[in-house]
Each structure stands twice: as C-alpha cells, then as structure tokens.
Amino acid sequence: RYAQAGSRGTYTVTVTDANSCTTTASATVTAPPAMLTGTTATNVTCPGGANGSVALTVSGGASPYSYAWNNSQTGSIAINLTAGTYTATVTDAGGCSAVVSAPVAAPPAIAPGATVVNVNCPGGASGSVSLNTSGGTAPYTYAWSNGQTGAAILNLPAGIYTATVTDAHGCTATISAPVTAPAALTSGTTI
C-alpha cells in the first residue's frame with residue numbers, strides 16, 4: 001500500500017503478518033530546495049523606446065526551468081521592452097512554479113523651453129534665444145538651424161530659429177522659436 005502524501009522527512013512502517021511476525025522499514029522523502037528568483041532590469045534609454053530588458057536568475061527547484069512572460073517571451077531574459085511591469089512564471093522540471101515581476105522604467109521626455117529676446121531696432125541683430133531643458137538624461141547638447149551650438153544663441157536678426165536637443169543617451173527633441181523685430185520707421189511731411 002501507499003502512504004498518504006505528506007511532507008518531506010523519514011517515515012517508518014511496521015508490517016505485522018497473521019502469525020504476529022513483524023518487520024520494520026524506513027524511507028526518507030526528500031524535496032528539492034525552494035526555487036529562488038531574482039531580477040535585473042535595464043531601463044529604456046529614450047522616452048517611448050523599446051530597448052529595456054529583464055534578466056532572471058533562478059536557483060533551487062529542479063532544473064531545467066521554463067519561463068513564460070506576460071508579453072509572450074519564453075527565455076530567461078525578456079528583451080526589447082517598453083516601459084512597464086513584466087511578470088514571468090518560472091516552472092521547474094518537477095512542475096513547481098514561482099512568479100516574479102520587475103518594473104522597467106523610461107526617462108521623462110526631453111522638454112526644452114525657450115526664452116526669446118526680440119530685436120529692438122528694425123534690421124538689427126540684437127535678438128537672442130535661451131533654452132531651459134528638463135527631462136531626458138543630462139547633459140544635453142544643442143544644434144541650432146543657424147549653425148550655433150549651446151543652450152543660448154545671441155546677436156540674432158529676426159527669424160525663426162530651430163534647435164535639436166540631444167541628451168546623454170542620444171534621445172532628441174526639437175523646438176523652434178521666432179525672433180521678431182519692429183517694423184521700419186516711416187517718415188513723411190505734410191504741407
């Protein structure tokens with residue numbers, strides 16, 4: 001006969017026959033150590049990007065392990081991830097399973113803001129544009145439509161100036177700023 005299912009340990013059984021003869025036998029029931037899981041997440045580098053990943057480390061249980069992610073991937077590493085939370089069910093060779101989750105983050109979008117100083121005289125070049133940038137990952141670099149670089153450009157005539165802002169991960173944002181000048185003075189005489 002089979003003993004009822006129980007936990008691991010040593011079990012002893014005594015068998016007695018019709019003549020009252022007895023014998024004793026022992027058996028040890030073992031189980032693999034509990035599965036332990038760990039995660040290492042790599043965040044997305046640019047807002048809206050899909051280059052994040054989550055790597056799992058598993059110990060205990062009975063190898064080999066299988067993996068089922070909530071995004072349908074099946075390996076120990078989930079790749080090409082957007083920002084979000086990813087959950088994996090890890091199942092060992094004995095059918096035991098563990099569930100683990102990991103968040104993948106993305107930086108906030110690059111948000112340049114412009115402060116414009118308009119030209120003060122018709123035909124002059126006293127305008128300027130200064131950028132104040134947030135989001136993304138500092139430091140930032142700037143490439144302006146007039147060839148200048150830096151967060152501020154000076155000595156500008158009237159026109160529209162466009163900057164491409166690039167952060168430390170190569171993510172970009174574009175902003176345009178108009179610089180205006182007053183209308184030319186006109187003079188006339190009345191007789």
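**Cysteines, nonpolar cores and backbone geometry**

Cysteine 46 and cysteine 171 are both buried. In this predicted model, the two residues are joined by a disulfide with an S to S distance of 1.8 Å. A search of the whole structure returns 1 disulfide. The torsion about the S-S bond of cysteine 46 and cysteine 171 is about -95 degrees, and the disulfide is therefore left-handed. The bond connects distant parts of the chain, the two cysteines being 125 residues apart. Cysteine 46 is located in the loop between strand E3 (36–42) and strand E4 (52–59), whereas cysteine 171 is located in the loop between E13 and E14.

Two further cysteines were examined for accessibility. Cysteine 21 has a relative accessible area of 45% and is therefore classed as partly exposed, since that class lies between the buried limit of 20% and the exposed limit of 50%. Cysteine 121, with a relative accessible area of 43%, is likewise partly exposed.

The largest nonpolar core comprises 17 residues. The residues with the most contacts inside this core are Val129, Leu131, Trp144, Ile153, Leu156, Tyr161 and Val179. Two or more core residues are contributed by each of strand E10 (127–134), strand E11 (141–144), strand E12 (152–156), strand E13 (159–166) and strand E14 (172–179). The greatest contribution to this core comes from E14, which supplies 4 residues.

The surroundings of leucine 156 were listed with residues up to four places away in sequence left out. On that basis, leucine 156 contacts Val119, Gly124, Ala125, Ser126, Gly127, Ser128, Val129, Asn146, Gln148, Tyr161 and Val179. Among these, Val129, Tyr161 and Val179 are also named, as is Leu156 itself, among the residues with the most contacts inside the largest core.

Strand pairing involving E10 was also assigned. Leucine 156 in E12 stands opposite glycine 127, and E10 and E12 run antiparallel, joined by 3 bridges. E10 also pairs with strand E9 (residues 111–117), in the antiparallel sense and over 7 bridges. Within the E9 and E10 pairing, alanine 111 has serine 134 of E10 as its bridge partner.

Most residues other than glycine have a negative phi, and most peptide bonds are trans. A cis peptide bond is found between serine 63 and proline 64, with omega at about 5 degrees. Proline 64 belongs to the loop between E4 and strand E5 (66–69). Alanine 138 and proline 139 are also joined by a cis peptide bond, for which omega is about 0 degrees. Proline 139 is placed in the loop between E10 and E11.

Serine 20, although not a glycine, has a positive phi of about 70 degrees. This serine occupies the loop between strand E1 (9–16) and strand E2 (22–29). Its relative accessibility is 59%, so serine 20 counts as exposed. Asparagine 80, also not a glycine, has a positive phi of about 55 degrees. Asparagine 80 is found in strand E6 (residues 77–81). With a relative accessibility of 58%, asparagine 80 counts as exposed.

Terms used
Residues numbered from 1 in each chain as written. Predicted model: local features only at pLDDT ≥ 70, side-chain atom pairs only at ≥ 80, totals over all residues. Heavy atoms only, no water. Core = buried A, V, L, I, M, F, W, Y, C linked by side-chain atoms within 4.5 Å. Buried < 20%, exposed > 50% of the residue type's maximum accessible area, 1.4 Å probe, protein only. Contact = heavy atoms within 4.5 Å. Disulfide = S-S within 2.5 Å. Pairing = 2+ DSSP bridges.
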